Each structure stands twice: as C-alpha cells, then as structure tokens.
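Reader: Hi! I'd like to walk through a structure with you before I set anything up. Could you show it to me?

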Amino acid sequence: MTREDTTVWLNGRLIPWREATVPILSHALSRGSAFFDLFGVHVGPEGPVAFRMDRHLERFEKSAALLEMPLPRTREEIVAAVKEVVAANQLGRGIVKLVAYWGEEAIINLVLDTPLDLAIFPIADSPELALDVATPITACLSRWRKLHPQTVPVEAKACANYLNGYLARKDARDRGFDIGIMLDTDGNLAEGSTEALFIVEGGVLKVPPLGGVLSSITRLSVIEAAPSAGLEVREEVIGEQRLHVADELFCVHTGIKVHPVRRFEDRSFEAPGPVTRKMMALMDDIISFRDERFAHWFQPLF
Ligand SMILES: Cc1ncc(COP(=O)(O)O)c(C=O)c1O
C-alpha cells in the first residue's frame with residue numbers, strides 16, 4: 001500500500017490521504033496553531049500494538065492544556081479512532097500521528113472559539129522513516145538555542161516550536177553533521193531538534209531535567225527501564241563543557257529509541273560505547289516483546 005492509498009481519520013470520517021489538507025489561510029498554517037503527537041505501532045503476536053499510547057495521549061492532552069486549545073474528542077474516542085484507522089489500513093510496523101489544528105481560514109482573528117479539527121494518520125515504516133535503524137550519527141553544537149520556556153510552552157508538542165528544531169537541524173546539515181544539539185538560553189544542555197539527549201559519565205546516564213525540553217516518552221522509558229539493566233540514571237543540569245568530555249553520548253526518540261552518537265564536533269567516540277550498547281539491547285528486547293517486565297508498555301490496537 002502506498003501512502004496515496006492510505007486513508008486518514010479526520011473528524012470522525014475516514015478519507016483519502018490526498019484529501020486531508022487545509023487552506024493556505026487556515027489558522028493552523030498562517031498562525032501556526034497546530035499540535036501533534038505520534039507513537040510507534042509494533043506487530044505483536046496477536047495483532048498491532050501501540051508503544052506507550054497512554055503516555056503519548058496524556059502528553060497530547062497536556063499540549064492541548066498548555067496551548068489552551070481544547071481537544072474535540074475524549075481519550076476513549078481518540079483510542080477508538082486510532083484502532084479504526086490502523087485496522088482500515090492494516091498498519092504493521094509504523095507510526096500513528098495525531099494532529100489537532102484550526103483548519104478554518106482566519107484572516108484577522110487570532111483567537112478562535114471554534115472546535116479544533118483532529119486528524120489521525122497511519123504511517124507505515126519505509127526506508128525514509130527507517131524505524132529502529134540505529135546507525136551511529138554525528139552531532140554538533142547548534143548555533144541556535146532552545147526556545148525559552150517563558151516565551152512559549154516548550155513542553156507542548158506545538159508545530160510552531162519546530163521552527164526552532166528546523167533551524168538547528170539545517171545548521172547541522174550545512175556543517176556536515178546529522179543533528180544539532182541545542183543549549184538552553186543559560187548555556188546548559190537542552191535537546192536536539194527531534195530528540196532528547198543523554199550523556200554517559202563514569203558509567204552513569206545523565207539527562208537534563210524537564211521544564212525546558214519536550215517531555216519525551218522515550219526519555220521517560222530509558223529513565224524507567226535503565227535500572228533493570230543495572231544502570232543508574234540522574235536527571236541534572238548539564239553544562240556545555242561536560243558535553244565535550246562525556247564518555248558517551250546518545251539521543252532518543254520514538255523512531256529509533258536509543259541512537260548512538262559517534263562524533264560530537266571534532267571528537268570521535270566508540271559508538272555504541274559499552275553503556276549505550278547495554279541500553280540499546282534493553283530497549284531492543286522491550287520492543288521485540290522479549291522482556292516481560294515491560295509488557296504493560298504496549299496497548300492492543302485490535
Ligand atoms: C523536541 C523533541 N525532543 C524530544 C523528542 C523525543 O520525544 P519522544 O521520545 O516522545 O519521541 C522529540 C520527538 O519528536 C522532539 O520533537
């Protein structure tokens with residue numbers, strides 16, 4: 001099935017992919033009022049299952065609350081819609097992306113009182129998406145700083161926040177790196193454009209605290225799972241200098257879980273290093289259903 005053959009759930013109806021569009025002068029496009037969430041779909045022994053859909057939907061609801069853009073459907077209705085669109089498209093390994101937005105045209109009005117639109121896209125894995133392909137990557141220090149949380153809610157997965165991520169990724173690509181790592185406006189480690197960052201120091205995983213970064217579900221999963229592999233994790237403020245002397249670096253996100261960094265600026269690493277390798281193996285066991293302790297992280301979609 002090509003993407004063009006896919007059906008999309010839009011406001012309660014399944015429609016062809018090509019018809020899931022908005023006007024150029026829609027509030028969502030011209031004012032940036034859209035937010036989203038996405039989670040992995042895996043092929044379980046009995047059918048498709050979602051990786052931590054409960055947490056992703058919680059974050060989707062939190063984005064709505066932070067942006068004061070109420071979701072037009074309840075949690076139960078959204079879960080039913082996800083199941084409907086996954087079944088209609090026979091989605092196997094892939095992702096489900098939910099987008100809430102004001103699709104109506106708004107020429108002058110900045111604040112709308114009308115209900116949001118809600119779209120749910122099933123996206124099958126592909127060479128472009130390359131889910132679970134953890135080929136080590138290169139990273140640089142971005143010349144862009146992470147948006148300050150007092151300017152916009154950075155914990156909301158707002159599409160407009162991704163202009164910040166776009167600039168950081170563009171800067172990195174222009175300099176020959178795969179990703180750009182952003183510091184916050186105080187000069188401490190924040191995150192990448194679409195990934196949370198961990199450093200390893202003396203065998204311990206360290207990650208910046210929440211407040212100035214997206215509340216990544218993979219970040220949370222690594223923090224919760226690491227002790228079961230005998231690894232200690234600490235959430236702490238990490239100054240820029242520590243990035244340059246860390247033993248290992250890796251980033252995490254829904255698509256690849258644990259992604260080793262093999263070079264940071266002009267410094268090369270063994271990648272994956274021993275701690276990153278341990279974490280990768282654990283996450284791989286979890287998403288391949290080989291670790292019963294985390295079976296509750298999956299919700300059936302059938
Ligand atoms: C800014 C940012 N940080 C971190 C992440 C990782 O979040 P998650 O683990 O929920 O995919 C993402 C994912 O898109 C992101 O956009």
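Author: Happy to; we can go from the overall fold to the ligand and then to some backbone details. Please keep in mind that this is a predicted model.

Reader: Thanks! How many helices and strands does the protein chain have?

Author: There are seven helices and 16 strands in the protein chain. Its radius of gyration is 19 Å, close to the 19 Å that the globule rule gives for 302 residues, so the chain is as compact as a globular protein of that length.

Reader: Handy. What box do the C-alpha atoms fill?

Author: Roughly 50 × 50 × 30 Å, taken along the principal axes.

Reader: And which domains does the assignment give?

Author: The domain assignment gives domain 1, covering 3-124, and domain 2, covering 137-287. Their centres, taken over C-alpha atoms, are separated by 26 Å.

Reader: How many residues does each domain bring to the contact?

Author: Domain 1 contributes 19 residues and domain 2 contributes 13 residues. On the domain 1 side, strand E3 (34-43) and helix H2 (53-67) each supply at least two residues. The largest share of that side comes from E3, with eight residues.

Reader: E3 came up just now. In what order do the strands of its sheet run?

Author: The order is E2-E1-E6-E5-E3-E4-E16, seven strands in an open sheet with antiparallel pairing. Strand E2 (13-16) and strand E16 (298-300) are the edge strands, each pairing on one side only. From one strand to the next, the twist averages 30°.

Reader: How many bridges join E1 to E2?

Author: Four bridges join strand E1, residues 7-10, to E2, and the two run antiparallel. Within that pair, Leu-10 stands opposite Arg-13 in E2.

Reader: Switching to the ligand. Which residues come nearest?

Author: Leu-214, Ser-216, Ile-217, Thr-218 and Thr-254 come nearest, out of 13 residues around the ligand. Helix H5 (217-225) and strand E13 (248-253) are the elements that give two or more residues to this shell. H5 gives the most, with three residues.

Reader: How does that shell divide into nonpolar, polar and charged?

Author: Four residues of the shell are nonpolar, six are polar and three are charged.

Reader: What about glycine, then: which one in the turn between E8 and E9 has a positive phi?

Author: Gly-187 does, at about 90°. E8 and E9 form a hairpin with five residues between them. Three bridges join strand E8 (residues 179-183) to strand E9 (residues 189-192), which run antiparallel.

Reader: Last one: which residue of E9 is the bridge partner of Met-182?

Author: Glu-191 is the partner of Met-182.

Methods
Residues are numbered from 1 along each chain as its sequence is written. This is a predicted model: local features need pLDDT of at least 70, side-chain atom pairs count only at pLDDT 80 or more; totals for chains, interfaces and linings use all residues. Two strands pair if DSSP finds at least two bridges between them. Axes are lines fitted to C-alpha atoms, for helices over the stretch in contact, and angles run from 0 to 180 degrees between N-to-C directions. Domain bounds come from an automatic or database domain assignment. Two residues are in contact if their C-beta atoms, placed from the backbone, lie within 7 Å. A residue is near a molecule or strand if its C-beta atom, placed from the backbone, lies within 6 Å of it. Ala, Val, Leu, Ile, Met, Phe, Trp, Tyr, Cys and Pro count as nonpolar, Asp, Glu, Lys and Arg as charged, and the others, Gly among them, as polar. The radius of gyration is taken over C-alpha atoms; the globule rule is 2.2 Å times the number of residues to the power 0.38.
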